[in-house]
Amino acid sequence: MIIAVSGKGGTGKTVIASLLVRSLAERNAYDILAIDSDPDSNLPDALGVEVERTIGDIREELLEKRDSLPPGVSWRSQLEYEVMRALVETESFDLLSMGRPEGPGCYCAANHVLREIIDTMAGNYDYVIIDTEAGLEHLSRRTTQNVDVMLVVTDTSKRGITTAARIKELAEELNIKFDSIYVVINRATAGTEEKLQEYAGEVGLEVIGTVPEDENVRMYDHEGRPLMELPGDTPALRAVRGIAEKIVR
Amino acid sequence: MDEEIPVDVGLIYEGERIRKSSMYVDLAGPKSKGAELLRVVPPEEVEDGKVEVIGPDVDQMEEGGRYPLGIYIKVAGEKLEEDLEGVFERKLHYFCNYVQGFMHLNSRDIIWCRISKDAAKKGLKLYHIGKALVKLYKTEFDVIEKIQVTFYTDEKAVDEHIARARKVYEKRDARAAALKDEDVDVFYSCLLCQSFAPTHVCAITPSRSGGCGAVTWFEGRAAVKVDPSGPIQEIPKGEVIDPVKGEFSGINEYVREKSNGSIERVYLHSIFDYPHTSCGCFEAIAFYIPEVDGIGIVHRDFHGVTPFGIPFSTMAGQVGGGVQSQGFLGISIAYLRSPKFLQADGGWQRIVWMPSQLKERVRDAIPQEMYDKIATESDAQDLESLKEWLKQKGHPVVERLAEEEKAEEEAEEESQPVATVPELTLPAQGVPVAGAPAEFTIIFKNAKIYAEKVIIRRK
């Protein structure tokens with residue numbers, strides 16, 4: 001199952017994505033792949049892993065090296081090898097980082113092949129969680145286009161719901177197919193939830209869960225500590241577990 | 001020894017990746033070493049069906065361990081030729097991946113394999129994989145009469161195997177580099193760029209790689225095997241219409257069909273008459289400079305201006321989009337190294353200008369006697385200085401140029417120069433009638449045109 005987590009910068013999208021990875025990983029029953037496809041996010045930090053090479057790095061290297069590859073060697077299979085090499089493997093999940101967007105020059109063929117490779121790779125996992133930018137550019141161009149669940153993270157402003165609706169439209173325009181789309185309200189404070197549910201309903205969106213403001217998350221973020229180490233009973237994690245429950249079911 | 005392979009073997013296991021947490025052993029790969037090699041040998045050198053493992057097999061390996069790996073396959077058969085080695089060897093990747101619980105990536109001396117815990121628990125050994133390979137090769141290729149498989153996991157044996165394999169790769173690459181259009185029956189097409197250049201059909205031959213530089217003939221061959229219905233397809237070569245210009249009936253027919261009839265004929269190795277269409281993502285542009293009757297080349301990374309006074313980006317905007325532009329051709333850097341590089345137009349003898357960076361990059365491909373005669377941005381910034389440079393260096397285009405200038409001077413003496421041209425009307429002469437492609441070329445030589453307004457409309 002492929003779950004894309006999107007949302008405007010600052011909404012806590014990466015927090016939700018990493019807590020979702022953790023919620024699924026702690027069940028010890030699934031193979032999980034996290035894909036960091038937002039160059040401005042810090043999913044690897046949140047998950048507590050280090051990324052040495054990104055898909056972007058591989059692409060640039062290929063363009064430089066291509067001329068000097070022996071004629072009998074296919075860069076297609078070379079890429080497959082490099083993508084596997086770029087994969088960060090941990091006991092409970094793997095992570096692939098898409099890296100910076102491309103520079104000038106032609107990347108059509110490279111991107112086409114990379115998409116195939118990542119699709120094949122993703123097929124090996126029970127759950128793929130993609131942290132994607134609000135513009136959905138990576139989603140539409142690089143990684144798989146078919147998403148099972150699209151989660152749009154929003155803050156507690158009415159504007160946030162409007163943005164969520166806009167992301168839904170954008171996904172449809174970009175031909176990104178998804179089975180279901182839900183809103184996740186992040187950093188919710190008492191009394192805001194009901195009103196937001198109502199706004200969401202007005203624009204045809206369903207709220208799958210509400211994640212409360214969490215002092216632990218704030219502190220861990222502040223200190224740059226991985227969210228994978230958050231206390232197991234911290235409210236935000238408990239809320240995301242509830243969301244994971246609904247998705248898995 | 002138990003001969004029966006304890007896991008499933010089948011197409012459905014292709015693309016299977018073994019995660020670190022479910023991996024029993026890691027073989028070869030970036031943190032170790034390895035190589036695979038397939039050779040066609042005389043029948044007496046093959047013990048048919050034999051599988052050997054030199055060094056520990058899986059059951060003697062430590063769980064979670066990392067070992068080097070060599071795979072050596074010898075095949076024999078009456079109809080086998082050395083040329084097939086590469087094709088057969090490539091197949092090893094797919095066959096290995098058919099084995100459940102065995103991951104195999106890449107080729108040659110950059111392979112990476114893993115065996116899963118599940119498979120190891122079921123008793124899977126390299127020996128079994130060897131047996132499976134024997135069966136798969138023989139089933140898929142009737143021409144293989146005898147086959148023998150050896151695995152090396154002993155460090156010293158792997159080192160020796162890698163050294164032996166590298167020598168063979170080198171020989172193979174030298175042969176591949178010499179491959180020409182006339183040596184093959186099948187070319188490839190790439191339609192990836194049709195998303196923005198709908199009439200662009202890239203024809204890929206041993207002597208011409210795609211304009212983006214990404215798709216070579218070998219890459220095409222590999223791609224078709226992976227995804228036969230993908231954007232890269234086979235083009236039957238057909239009849240050779242003109243071996244110098246590079247015109248083939250197979251390409252013409254294919255391009256006509258896939259461009260919806262917009263492109264009728266293609267010359268692979270010329271920028272005149274029926275040049276190959278240009279996509280938009282070509283690495284460089286070859287452009288005709290009528291003033292010196294020569295050809296310039298500019299690549300994407302060059303940010304200065306060409307002798308025409310325009311940079312790559314402006315020229316690219318005019319050239320691309322899947323049309324045939326007389327005197328302009330989007331090319332890959334690799335094409336500059338092709339032995340057939342613009343051979344119909346004189347090849348390197350016709351090249352007059354290129355950015356210094358590019359000139360340095362393809363230095364080895366430029367004929368020695370031409371290297372110093374080709375101007376760069378530091379030698380010539382405009383047409384005047386280019387002309388001077390070429391004369392000074394005695395570039396082959398100068399001879400023709402001198403003759404033309406002489407003829408022009410004579411002509412000038414006869415006619416009075418026109419001081420002002422109040423209105424410019426282009427003669428309709430030579431423009432084909434409606435229905436035929438309305439494309440024509442206007443070349444101004446030594447022209448000064450003053451106009452308040454020029455309007456060119458597409459009808």
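Taken over C-alpha atoms, the centres of domain 1 and domain 2 of chain B are separated by 35 Å. Domain 1 of chain B covers residues 11-177, while domain 2 of chain B is made up of 180-282 + 322-345, these bounds coming from an automatic or database domain assignment. The model is predicted, and local features need pLDDT of at least 70, side-chain atom pairs count only at pLDDT 80 or more, and totals for chains, interfaces and linings use all residues. Residues are numbered from 1 along each chain as its sequence is written, and chains are lettered from A and ligands numbered from 1 in the order in which they are written.

Chain A contains 10 helices and 8 strands, where helices (H or I, at least four residues) and strands (E, at least two) are DSSP runs numbered from the N terminus. The radius of gyration of chain A, taken over C-alpha atoms, is 18 Å, close to the 18 Å from the globule rule for 249 residues, so chain A is as compact as a globular protein of that length; the rule is 2.2 Å times the number of residues to the power 0.38. Along the principal axes, the C-alpha atoms of chain A fill a box of roughly 65 × 40 × 30 Å. Of the 249 residues in chain A, 50% are buried, a residue being buried if 20 or more other C-beta atoms, placed from the backbone, lie within 10 Å of its own, exposed if 12 or fewer, and partly exposed in between.

Helix α3 of chain A (residues 55-65) shows how burial can be arranged, with Ile55(A), Gly56(A), Ile58(A), Arg59(A), Leu62(A) and Leu63(A) buried. Seen down the helix axis, the buried residues of α3(A) fall within an arc of 160°, so they line one face of the helix; the arc is that of the directions from the helix axis to the C-beta atoms. On the other side of α3(A), Glu64(A) and Lys65(A) are exposed.

In strand β6 of chain A (residues 146-154) lies Val147(A), which counts as buried because it has 25 C-beta neighbours inside 10 Å. Leaving aside residues up to four places away in sequence, Val147(A) touches Ile2(A), Ala4(A), Ile176(A) and Phe178(A), contact meaning that the C-beta atoms, placed from the backbone, lie within 7 Å.

Turning to the interface, 30 residues of chain A are in contact with 37 residues of chain B. The largest share of the side of chain A that touches chain B, 8 residues, comes from α4(A).

Terms used:
Contact = placed C-beta atoms within 7 Å.
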